[in-house]
Amino acid sequence: MDAAQQEATARARELQRNWYGEPLGALFRRLIEDLGLNQARLAGVLGLSAPMLSQLMSGQRAKIGNPAVVQRVQLLQDLAGQVADGSVSAAEATERMDEIKKSQGGSVLSNTTQSTSSSGAPTVKRVVREIQSLLRSVAAAGDIIDAADTLAPSHPELAEFLRVYGAGRTSDAVAHYQSHQN
């Protein structure tokens, strides 16, 4: 990839962050992980071609042009949160994805919808993701690690937090959080 392509990709990802709250590659990878999908199945549920999904994920394209697809993304985000907090089983999620695939509508993505547990509190996974999204919206993972290394001698707890939550995997951050609650 030449410099012009890299610049166009960075610009597309920044537009995605502004429009959807984060780059679509991160959002779609999270949906794939949370819902146990592959890219082809995600593309099918969303009503996109596999190449279009790939272009959106890689930053070759910035915008989802179809409002119904945007609505389906929001519905899948909500469903993923319900699966994460255990209020929806894997079997129910599969049925719901079939319903989402058939849904029509137009909306913009909203960061105001959060999954909550039965007690009304956001799930650990959702909170961890919010922290990761905030940190990653201001710096790349490598920059976060560099900052952690700089802080480590004088602020080891903060350095660990940045490594785990800013540059680490969601599952590792959730496990880290849970291990520190005991």
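This is a predicted model: local features need pLDDT of at least 70, side-chain atom pairs count only at pLDDT 80 or more; totals for chains, interfaces and linings use all residues.
**Stop 1: the largest nonpolar core.** Select Phe-28, Leu-42, Leu-46, Ile-64 and Leu-76. Out of the 27 residues in the largest nonpolar core, these five touch the most other members. Next, colour the helices α2 (24-35), α3 (39-46), α4 (50-58), α5 (67-84) and α6 (90-102). At least two residues of this core come from each of them.

Stop 2: Keep Leu-46 selected and show what surrounds it. Which residues is Leu-46 in contact with, leaving aside its neighbours within four places in sequence? They are Phe-28, Leu-53, Val-69, Arg-72, Val-73 and Leu-76.

**Stop 3: the largest pocket.** The volume of the largest pocket is about 720 Å³. To find its centre, select Glu-22, Gly-25, Ala-26, Arg-29 and Arg-136, which are the closest to that centre of the 27 lining residues. Then show α1 (3-20), α2, α7 (124-138) and α10 (170-179), the elements that each give two or more residues to the lining. Of the elements, α7 gives the most, with six residues.

**Stop 4: the pocket lining as a whole.** Finally, colour by domain. Domain 1 (1-102) and domain 2 (122-178) each supply at least three residues to the lining of this pocket.

Notes. Residues are numbered from 1 along each chain as its sequence is written. Side-chain values use heavy atoms; hydrogens and water are left out. A nonpolar core is a set of buried Ala, Val, Leu, Ile, Met, Phe, Trp, Tyr and Cys residues joined through side-chain atoms within 4.5 Å. Buried means under 20% relative accessible area, exposed over 50%, partly exposed in between (1.4 Å probe, protein chains only). Helices (H or I, at least four residues) and strands (E, at least two) are DSSP runs, numbered from the N terminus. Contact means heavy atoms within 4.5 Å. On a 1 Å grid over the protein atoms alone, a cavity is a set of points where a 1.4 Å probe fits but cannot get out, and a pocket is an open set with protein on both sides within 12 Å along at least five of seven lines; lining residues have an atom within 4 Å of a point. Grid points are joined across faces, edges and corners, and a volume is the space filled by probe spheres set on the points. Domain bounds come from an automatic or database domain assignment.
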